[in-house]
Amino acid sequence: MARAHLKNGDLSEAAMCYVHVAALVAEYLHRKKLFPSGLAAFKRITLNIEEEAAMREDTGMQDVYYTEEVLVEHLEVCVEQLWKAERYELITHIAKLIIPIYEKRHEYEKLSRLYDTLHRAYNKIMEVIQSGRRLLGTYFRVAFYGQGFFEEEDGKEYIYKEPKLTGLSEISQRLLTLYGEKFGQENVRILQDSNKVNPKDLDPKFAYVQVTFVKPYFEEKEAPEKKTDFEKCHNINRFVFETPYTLSGKKHGGVEEQCKRRIVLTTSNTFPYVKKRVEVVGEKQVELKPVDVAIDEMKARTAELTKLCSNQEVDMIQLQLKLQGCVSVQVNAGPMAYARAFLDDSKSNQSGNKKVKDLKDIFRRFVEACSMALDINERLIKEDQFEYHEGLKSNFKEMVKELSDIIHEQIYQEDMMRSLLQNSLHVFRAISGTSTDLG
């Protein structure tokens, strides 16, 4: 299985296969009182290890004879494969199991090499956190329809984990080719609409495969614990996608009528797993009304800007693109469309006071984030971008003035913002260990 994954470039899945094998050997030795820990030691690496707990001590087990030497070999392979899979954070858990054995055997050269690997792994972690250039996978929901073709798979949904930045068209084409070879190209149809499928509406003459891009999902209370990209991509089993709709039946409408349906799927195992796809075993739907959509969208924009500002190496292109989208004062798009639709006195009563208050709070945080981003942009731009920056600043001031008029409060004072920025940058730099000199 691991060899097949390696051949296809599915490195995380290959690494998990090796981890499961090492865990089984460790558990065997643990039960024979030959090793201090068994499966439990591997839980930090993968929650899926639980499923190996049913290992039977029957007559079959008497026929195998694993030794500490065999375990060490397997653990060494795990280190190698986790490195290839770029899951550097897990290497330390494997190292903790090998180090006592090397020490007991006085294998100092191996200890030296392992500590060197750990040193390089931690450097790699710092490097990828700073650059944000490690992509640990893309996820898709894939559903199968067509009893005559898929038999017991008919109606089942899976989450597929694809390497790096796999696009929707790429996985769709692969599945079309795969099932086309199996059932005949002319009999397979790909559904790229994410809406719920009613099997009765489908033609039984065809095999249908529905493919939807999904993202890992975390509850708000979990989100602060998931600080790094690695934590957001490891031991995960919930995924989300959204479908837009309006009460009039159209998919898209003005902000006052735009609703969306958020679907959260739960899988039977966590990713990464020894397999690339895991069955969906649970589904939860949440309907977001237009004001909820506004709150959701403004929260996301504010979080994106704040994250870009807090990066050690600020990505200027991304920062400017986001800023431009945030401070533009177009009539029918962008943040101000939400403010006009839901915070204006004449309309706010329709949405309920609590939600209007929430949206106002988010707009205050949004203005703070824009101000901070503008300040960082001003410090980092070259002379040739000065005019462009002044345009952004002018748009920001116009936006703030209109927003202040809509909600009847002075939402931004430059002096207050400067002290806020000093504090925020101080915190960001303290976290990242860089200078707090604001020049």
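His 408 is exposed, at a relative accessible area of 57% (exposed is over 50%, buried is under 20%, and partly exposed is in between, with a 1.4 Å probe and protein chains only). This histidine sits in the loop between α14 (386–407) and α15 (414–432); helices here are DSSP runs of H or I with at least four residues, strands are runs of E with at least two, and both are numbered from the N terminus. Most residues other than glycine have a negative phi, and most peptide bonds are trans.

This is a predicted model, so local features need pLDDT of at least 70 and side-chain atom pairs count only at pLDDT 80 or more, while totals for chains, interfaces and linings use all residues. Residues are numbered from 1 along each chain as its sequence is written, and side-chain values use heavy atoms, with hydrogens and water left out.

Lys 164 also has a positive phi, near 45°. You'll find Lys 164 in the loop between β2 (157–162) and α8 (168–183), where it counts as partly exposed at 38% relative accessibility. For a cis peptide bond, go to Phe 271 and Pro 272: omega there is near -5°. Pro 272 belongs to the loop between β6 and β7.

## The chain overall

The protein chain has 15 helices and seven strands. Of its 439 residues, 45% count as buried. Take the contacts (heavy atoms within 4.5 Å) with a separation of 6 or more: residues 24 or more positions apart account for 64% of them.

Helix α5 covers residues 91–104, 14 residues in total, and reaches 20 Å from its first C-alpha to its last. That is close to the expected 20 Å at 1.5 Å a residue, where the expected span is 1.5 Å times one less than the number of residues. There's still a kink of about 30° at Leu 97, shortly before Pro 100; the bend at a residue is the angle between axes fitted to the seven residues ending there and the seven starting there.

α5 is mostly covered, with ten of its 14 residues buried. Among them are Ile 91, His 93, Ile 94, Leu 97 and Tyr 102. The cover over these buried residues includes α4 (68–84) and α6 (108–131). After α5 comes His 106, with a positive phi near 55°.

The largest nonpolar core has 55 residues, and Phe 42, Leu 75, Ile 94, Tyr 139 and Ile 159 touch the most other members. A core here is a set of buried Ala, Val, Leu, Ile, Met, Phe, Trp, Tyr and Cys residues joined through side-chain atoms within 4.5 Å. At least two residues each come from α2 (11–31), α4, α5, α6, β5 (236–246), β6 (258–271) and β7 (277–288), and α2 gives the most, with ten. Domain 1 (1–131) and domain 2 (138–288) both give residues to this core, so it lies between them; the domain bounds come from an automatic or database assignment.

Leu 75 touches Ala 22, Phe 42, Ile 94, Leu 97 and Ile 98, leaving out residues up to four places away in sequence. A second, separate core has 40 residues, including Ala 339, Leu 343, Ile 376 and Leu 403.

Ile 159 lies in strand β2 and is buried, at 0% relative accessible area. Not counting residues up to four places away in sequence, its contacts include Tyr 139, Phe 140, Val 214, Phe 239, Leu 265 and Val 280. The C-alpha atoms of Ile 159 and Val 211 are 9.7 Å apart, across 52 residues of chain.

Over in strand β5 is Tyr 245, which counts as buried at 17% relative accessibility. Beyond its neighbours within four places in sequence, Tyr 245 is in contact with residues including Lys 250, Glu 257, Gln 258, Cys 259 and Glu 287.

## Cysteines without disulfides

Searching the whole structure turns up zero disulfides, a disulfide being a pair of cysteine sulfur atoms within 2.5 Å. For Cys 370, the closest cysteine sulfur is in Cys 326, and at 4.8 Å that is too far for a bond. Cys 370 counts as buried at 0% relative accessibility, and Cys 259 is buried as well, at 5%.
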